[in-house]
Amino acid sequence: MSSHGSHSALGSPSLANKLVRLTLIAAALFIVALFLVLPLVSVFVQAFAQGWRMYVDAVRQDDVISALKLTLLVTALAVPLNVVFGIAASWAITRFDFVGKNALITLIDIPLAVSPVVAGMMYIEVFGLHGWFGPWLDAHNVHIVFAVPGIVLATIFVTFPFVARELIPFMQAQGSDEEEAAVVLGAGAFSVFWRVTLPNIKWALLYGAILAASRSIGEFGAVSVLSGHIRGRTTTLPLAVEMSYNEYNFTAAFAAASLLSFAAVITLAIKKILESTSGIHSSAGREKDRA
Amino acid sequence: MPAPARPAKSAFRLLRRSSPLPGFGLSLGFTLFYLTTIVLLPLLAIVLRGLRGGPGVFLHAIATPRVLAACRVTLESALLAALLSAAFGMLVAWVLARYRFPGRSIMDALIDLPFALPTAVAGISLTTLYSSDGWLGRFLEPHGIHIAFTQWGIVIAMSFVGSPFVVRTVQPVLEELDHSMEEAAASLGASRWQIFTRVLFPVSLPALLTGTALAFARAAGEYGSVIFIAGNMPMKTEIAALLIVTKLEEYDYTGAAAIAIAMLVLSLLVMIAINLLQWRIQRREGKRT
C-alpha cells in the first residue's frame, strides 16, 4: 500500500496528471453510483413507496415470517457443516503433503464454477423420484426433493468452498511451527486444535463463515429448482421475493427484498471491519496465493 | 470427473510426509467423504443421465433450435457482460489501488455488493430501474434504448453479478506492484500513458484475463438476476439456465441434463483456462525473483 509515494517519486504531478486523476476518480464514482448504489437504493425506495404502514404490514405477513424462519434454519444448518468441512480440508491440505493435493484444491472450487440451476438439478437426479435413491426414499416416506432437506443440500453445495478458500491460504501462510511445538511439548490432538490452531485462525474462519452465511441467505437458483415453491413450507426469503413479484405484488416483493438487502449491507460492513482490524482479505481475487 | 479413490489407511501412510501433527486420516477422510457426497456423486448423476441414451440422444436433445438459440443468447450475453466487467473492473481497480480520496473505503466495500446482494433482489431491482417507467428506463426509452426485456437487460444483469471478480483480481496486483519499474520507465523519459500501456498493463494482464474469465463463468451460469429482466422469450431472450428449469418442469430430464452437461463442459474449459493463466503468472513471478 505504498501508492502515496508514487506521484512524488515520479516527479511533481503536473496539471495534466491531476486532471487525469480527477477524471478517473469521477468516472469510477459515477459508474459505481449508477451501477451498484442505484439498484440498492431502489430496493428500499420501492419497499417504502406505499408508505411505512404498508411496508410493516408486508413484512409482518405470515408468508414472509415463515420464509424468514426457513432461510435462517437453512443457514444455521449449512454454514456449520461447511465450517467443519473447511477446517478439515485446510488442516489436511496445509499441514500434510500427499499425492493429489493440487487436484483436491481444484475439486473444492467446483461449486463456484457450476451454475446454481445445474447444482439444484444434480440433487433431483440423485434424490428425485426418477433419480438414484428416489424410489427407495419415497417407499420409506422420506422427502428430500421439493422439501426442506433439498433446500439445505442445495445451500450446502453453493456455499461449499467459501470457508475452505479463506482458510487454506491463511493457514498456508501461517505455517505449522506453533502446532508442532505444542505436539512436541506433549499436547494432545484436541488441545492443539483448541488452544493453538483455533485462536490463530478464528478471524479467517469467521470471515469465511460470514461469506457462506451471506450466500446461504440469498441463494436463489439452486434452491428454486429444489423447493417446489410451497407457500409457508418450502419458500425461503429470496423465493418469497420472486413469488410476490410474479404476482405483481411489488410492495410485498420489495419489502422482502429490503430485508435481504439489509442483510447484504450488514455483511459488507462486517467484512470491511474484519479486513481492517485483522488484515484478512477476500481470497476471491487472490488466486495466486493458492497453489 | 474421476472421483478420487479412497486408499486404505496403510496407503495413507505411504503418501504422507512424516509430520508430528495428528489428524491426517480423519481430516482427509472427512474432506474426501464430504466432497464425494456433496459434489462429485451428484455431478456424476447428471453426466450419467445426459449420456444414458448414447451420443445420438444427447445430440438430438442439444441440437434443437430452441436449445441452440438459448446457448447462443447465453454465450453472447456472457461474453459482452465479461467485457463490460473487464472495463469497469480495470477502471475501478486502478482508482482504488492508486488514488486516495474521500469515500474510497466505502467504494471499496461496495464493490462486493453483487456478491452479497441476493440475485433475486438484484433481478427485480434492475428490472424496475430499466423498465419504461423506471428511474433509468424513463430517460433511455425515449431515445429508443430498450434494456428491460431485451438481450441488453441480460447483459446488464450479468455484468452486475460479474463485476466484482475483475476488481478483486486486478486490485491486489496493482497494489503490490513494484514502483521501481515505473520509476525506471519515467526516468528513461516514458510518458504516463506509455508507462501504463508498456509497463502496468502488461503486468496486470494475466490478472485481468483471470478476472474476466471468472466473470464470464459466473455470467454464463447466472439465473436469479437474469430471469426477471430478460423477458424470457424463447429463441430471443431465453437463457440456457432458464431452459434447464423449463425442461425440468416438463419432466424432460434428459433434455435438461444435456444442456447441463454443455454448461459443465463450458465451466470446465474456463477453469482450465484460469489454471493455465495462474501457472503463467507463477512462472513469471518465479523468473523475476
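Here is a tour of what to select and what to look for at each stop.

**Stop 1: the whole thing**

Keep in mind from the start that this is a predicted model. Select chain A and colour it by secondary structure: you'll find 15 helices and zero strands. Switch to chain B, where there are 14 helices and, again, zero strands. Along its principal axes, the C-alpha trace of chain A spans about 65 × 60 × 30 Å. For chain B, those spans are about 70 × 65 × 35 Å.

**Stop 2: colour by confidence**

Colour chain A by pLDDT. The average is 89, and 92% of the residues score at least 70. Where is confidence lowest in chain A, and where is it highest? Helix α1 (residues 5-9) of chain A has the lowest mean, 44, while helix α9 (residues 148-159) of chain A has the highest, at 96.

Select residues 1-9 of chain A next. The pLDDT stays under 50 there, and the model has 11 contacts for this stretch beyond four places in sequence. Then jump to residues 284-291 of chain A, also below 50; this stretch has 23 contacts in the model beyond near neighbours in sequence. A word of caution: where pLDDT is low, the predicted coordinates should not be read in detail.

**Stop 3: the domains**

Chain A is divided into domain 1 (1-47) and domain 2 (50-289), with C-alpha centres 33 Å apart. How many residues of the two domains are in contact? Five residues of domain 1 of chain A are in contact with seven residues of domain 2 of chain A. On the domain 1 side, that makes four nonpolar, one polar and no charged residues.

Chain B is divided into domain 1 (9-51) and domain 2 (55-288). Here the C-alpha centres lie 32 Å apart. Five residues of domain 1 of chain B are in contact with seven residues of domain 2 of chain B, and the domain 1 side divides into three nonpolar, one polar and one charged.

**Stop 4: where the chains meet**

Show both chains and pick out the contact between them. Chain A puts in 92 residues and chain B 85 residues. Highlight helix α2 (residues 15-47) of chain A: with 18 residues, this helix gives the most to the side of chain A that touches chain B. By class, that side of chain A has 59 nonpolar, 21 polar and 12 charged residues.

**Stop 5: the core**

Now for the largest nonpolar core, which has 175 residues. Which of them touch the most other members? Select Val118(A), Met121(A), Ala256(A) and Ile244(B). Helix α4 (residues 65-98) of chain B supplies the largest share of this core, 16 residues.

Zoom in on Met121(A). Leaving aside neighbours within four places in sequence, Met121(A) is in contact with Val225(A) from its own chain, and with Ile46(B), Ile244(B), Leu248(B), Ala256(B) and Ala260(B) across in chain B.

**Stop 6: a covered helix**

Select helix α14 (residues 237-246) of chain A. Eight of its 10 residues are buried, so it is mostly covered. Those buried residues include Leu237(A), Pro238(A), Glu242(A) and Tyr245(A).

**Stop 7: one asparagine**

Finish at Asn82(A), in helix α4 of chain A. Why does Asn82(A) count as buried? Because Asn82(A) has 27 C-beta neighbours inside 10 Å, and 20 or more is enough. Beyond residues up to four places away in sequence, Asn82(A) touches Ile156(A), Thr159(A), Phe160(A), Phe162(A), Val163(A) and Ala212(A).

Methods:
Residues numbered from 1 in each chain as written. Chains lettered and ligands numbered in written order. Predicted model: local features only at pLDDT ≥ 70, side-chain atom pairs only at ≥ 80, totals over all residues. Helix = DSSP H or I, 4+ residues; strand = E, 2+ residues; numbered from the N terminus. Nonpolar A, V, L, I, M, F, W, Y, C, P; charged D, E, K, R; others polar. Buried ≥ 20, exposed ≤ 12 C-beta atoms within 10 Å, placed from the backbone. Domains from an automatic or database assignment. pLDDT = per-residue confidence, 0-100. Core = buried A, V, L, I, M, F, W, Y, C linked by C-beta atoms within 7 Å.
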